[in-house]
Amino acid sequence: MNDRPHSPIQDPRVNAVIARLQGARQRPSGGGPRSSFNGRDPHAYAELGFSIHPEQGELIYLLCRGLRATRVAEFATSVGMSTLYFAAALRDNGGGTVIGSEIVPAKVEAAKRNLAEAGLANYAEIREGDARKTLRDLGGPVDFVLIDGWPGESGPSLAREVIEIVAPQLLVGGYVMNDNAEPDYLAFIRDPRNGFVSMTLPLKGGTELSLKVK
């Protein structure tokens, strides 16, 4: 059942899995990776899904449909919420692959189960491991990238490190969406010398959407 009747996704199987994941969404009492709960070890949150919200996913779906996207990438996959939106768009475009990266094995398996339940398993490739390695070679240009990774404690953020790896692999005219607004990521994506134009959307407290123009 789709509890968002105006969702652009009309497949009841996909909507049922999204609704289940949204209903089960939970964060630790300390607030998640931005707090001191269990520190910053992603494996400590193996049972918890940190995912985009449906309004972000619906925007991803629409943009990918408009691009006629066939190859996209995401970091991190978590339990597969964002992967479902990407895979649904690629399927409805006629086919393609979403390349996901997830470092926690239990979440890789959960994402695969959720994709299979939604009938979208054939449209996703989940790479287990550190995104700085798994996304270094996407096997060709991609149309869209989601960067929604684990906030670090010090040094360059993972978001900044990953965007520097994937930006050269993104087609001109392609999009990048970022969920956590890491300051060093924003400094990179908003610098015109790096080839993007960017804006902040009022989704989930602030979502950065960027277009590669050169």
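**Close-up views of a predicted model**

**View 1. Helix H1 (residues 12-23) packs against helix H4 (residues 105-117) at an angle of about 145°, with the axes 8 Å apart.** The axes are lines fitted to C-alpha atoms over the stretch in contact, and angles run from 0 to 180 degrees between N-to-C directions. Helices here are DSSP runs (H or I, at least four residues), as are strands (E, at least two), numbered from the N terminus. On the H1 side you'll find Arg13, Val17, Arg20 and Leu21, which meet Asn114, Ala116 and Glu117 of H4; contact means heavy atoms within 4.5 Å. That makes three nonpolar residues, one polar and three charged. For the sorting, Ala, Val, Leu, Ile, Met, Phe, Trp, Tyr, Cys and Pro are nonpolar, Asp, Glu, Lys and Arg are charged, and the others, Gly among them, are polar. A quick word on the source: this is a predicted model, where local features need pLDDT of at least 70, side-chain atom pairs count only at pLDDT 80 or more, and totals for chains, interfaces and linings use all residues. Residues are numbered from 1 along each chain as its sequence is written, and side-chain values use heavy atoms, with hydrogens and water left out.

**View 2. The whole chain has seven helices and seven strands.** Follow the sequence and the pattern reads α-α-β-α-β-α-β-α-β-α-β-α-β-β. Of the 214 residues, 52% are buried, that is, under 20% relative accessible area, with exposed over 50% and partly exposed in between (1.4 Å probe, protein chains only). Take the contacts between residues at least 6 apart in sequence: 73% of them join residues at least 24 apart.

**View 3. One cavity of 30 Å³ or more turns up in a search of the whole structure.** The largest cavity has a volume of about 40 Å³. Eleven residues line it, and Ser51, Ile52, Ala76, Thr77 and Ser82 are the closest to its centre. The lining splits into five nonpolar residues, five polar and one charged. A cavity is a set of points on a 1 Å grid over the protein atoms alone where a 1.4 Å probe fits but cannot get out, and lining residues have an atom within 4 Å of a point. Points are joined across faces, edges and corners, and the volume is the space filled by probe spheres set on them.

**View 4. Thr77 sits in the loop between strand E1 (71-75) and helix H3 (81-92).** Thr77 counts as buried because its relative accessibility is 1%. Leaving out residues up to four places away in sequence, Thr77 touches Ser82, Thr83, Gly100, Ser101, Glu102, Ala111 and Ile126. The side chains of Thr77 and Glu74 make a polar contact of 2.9 Å (a pair of N or O atoms within 3.5 Å; within protein, one must be able to donate a hydrogen and the other to accept it, and residues adjacent in sequence count only if both atoms are side-chain atoms). Ala76 is in the loop between E1 and H3 too, and a cis peptide bond joins Phe75 to Ala76, with omega about 0°.

View 5. Arg68 is in the loop between H2 and E1, and counts as partly exposed at 48% relative accessibility. Lys204 belongs to the loop between strand E6 (196-201) and strand E7 (207-212), and is partly exposed at 32%.

Conventions
On a 1 Å grid over the protein atoms alone, a cavity is a set of points where a 1.4 Å probe fits but cannot get out, and a pocket is an open set with protein on both sides within 12 Å along at least five of seven lines; lining residues have an atom within 4 Å of a point.
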